[in-house]
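Trainee: Could we go through this model together, one point at a time, with the terms settled as we meet them?

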Amino acid sequence: MTLIDLANPTRFLALTARVLPWLAAATVILLAIGLYQSAYAPDDYQQGATVKIMFIHVPNAWLSMFVWGVMSIASLGTLVWRHPLADVAAKAAAPIGASFTFLALLTGSLWGRPMWGTYWEWDARLTSVLILFLMYLGLMALWRAVDDPSRAARAAAVLTLVGAINLPIIKFSVDWWNTLHQPASVMRMGGSTLDKSFLIPLLVMAIAFTLLFVTLHLAAMRNEILRRRVRSLQMMQASRVAFSSELGTGSHQENASKGAA
Amino acid sequence: MTALSALILRDIRIALRVGGGALIGVLFFLTVVVLMPFAVGPDLALLSRLGPAILWLGALLASLLTLDRLFMADHEDGSLDLITMGRMPLELACAAKALAHWLAAGLPLIVATPLLGLLLNLDMVATGAVALTLLAGTPALTFTGMIGAALAVTLHRGGLLMAVLVLPLSIPVLIFGVAASQAVIVGPMTFGAPFSILCALSLVSFVIGPFAAAASLRHGLD
């Protein structure tokens, strides 16, 4: 089973119909374990119980960038390999990525209020995630602005790839500009600075959120394929109605001319 | 090479003639800057502190609004199809069009900067710094905005959508442009570091812009 076999939407629908329940079950189980572990993780000596926001906040923030990566690969699929499902994947991922980004901003802001004393600060990390959110919204607006899906797909693919190049630039430029957010503490040179009692629940939650994304993404792709089928059926029906009414008026005129003769 | 220079000359000539609309950008720039004192109050000290930011925002919006027509006019009269089918690589043609657009619409903004700096109570050094950063930064705005212009012509839809798509991409240019000008006026920072990053952003956009614009034209026109 290679990627090219999935080019057939029917085969893709059949495969995902079999895989999705298992994925959903795995997501639910891992989320339950992760939430249980995070609820029973010890309080931080400085931050108290608010540290538990981290178990929601950090996976959301990771996924906000991961989803743009998935969309970039899908865009390469659209532009380079012309894979028929690539633009479906890119389109379905955008709203999910936007939601993860929004949740990262929201939980970060709720965490910032007790810790930094403010809901919002024009800090480097916050600002670059906000710009990422704006770019997601722009992409969704682009998808909605054009009614021909294949035309919209190519435009969105170019924009996604340009965004993928530009996101690191934005990130470093705002890093230079102003900063308050703590530096990376899990994935960094010389190992994690996080204690095991925090690290394990965090990793479980990260895997659970990734599975959640995969599940939602596959389901959204199914919906998109079905939506396109409905659209083409509706258009066929509309053209059939238009065609038959044209025939009807034609024969009517013919009868009229016959009557006149 | 002759085809390249012919394309640049043609674009500049069209932009400067009646109906070209390159100089409207300067008028828009002037209007935005004049609006600012009405919004923040005619406080000269405050205006001179905000001056570089106002000038940069005005230049950003002016260059964005004039970019809308970069490919649209050529698409309407069919010459864009000739350019796409011609022997010159489309990437090179896009770069030539963007360069011509910058010469016709971007340079006048920089020439107008000293006058506008006078209105905002900026001294000679500050005005010079803003003009220099604009000279280094506006090419980046033109070349990244060109991607939006190419998308606009393939989607038959410009205006607000393109602004929403392109403005987030221009944030780094804005940050380093304003940072370099502020460094001269108040800053503890040196002028050199943000200014060289601004130049680097322009150079990067020379590479990315033409390729992305050519890709979206090639895939989008039919």
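Mentor: Let us begin with burial: a residue is buried if 20 or more other C-beta atoms lie within 10 Å of its own, exposed if 12 or fewer, and partly exposed in between, with C-beta atoms placed from the backbone. This is a predicted model, in which local features need pLDDT of at least 70 and side-chain atom pairs count only at pLDDT 80 or more, while totals for chains, interfaces and linings use all residues. Residues are numbered from 1 along each chain as its sequence is written, and chains are lettered from A and ligands numbered from 1 in the order in which they are written.

Trainee: What percentage of the residues of chain B count as buried?

Mentor: The C-alpha trace of chain B spans about 55 × 35 × 30 Å along its principal axes. Chain B has 222 residues, and the share of them that counts as buried is 49%.

Trainee: What radius of gyration does chain B have, and why does it agree with a compact globule?

Mentor: The radius is taken over C-alpha atoms, and the globule rule is 2.2 Å times the number of residues to the power 0.38. Because a compact globule of 222 residues would have a radius of gyration near 17 Å, the value for chain B agrees, at 18 Å.

Trainee: How many helices and how many strands are there in chain B?

Mentor: Both kinds of element are DSSP runs numbered from the N terminus, helices being H or I with at least four residues and strands being E with at least two. From the N terminus on, the elements of chain B run α-α-α-α-α-α-α-α-α-α. The count for chain B is therefore ten helices and zero strands.

Trainee: Which helix of chain B supplies the largest share of the side that touches chain A?

Mentor: Taking contact to mean C-beta atoms, placed from the backbone, within 7 Å, 21 residues of chain B are in contact with 22 residues of chain A. Helix 7 (124–155), helix 8 (160–166), helix 9 (171–185) and helix 10 (192–220) of chain B each supply at least two residues of that side. The largest share, six residues, comes from helix 10 of chain B.

Trainee: Is B:Asn121, with its positive phi, buried, exposed or partly exposed?

Mentor: B:Asn121 is not a glycine, yet its phi is about 65°, and it lies in the loop between helix 6 (90–119) and helix 7 of chain B. Because 17 other C-beta atoms lie within 10 Å, B:Asn121 is partly exposed.

Technical notes
Two residues are in contact if their C-beta atoms, placed from the backbone, lie within 7 Å.
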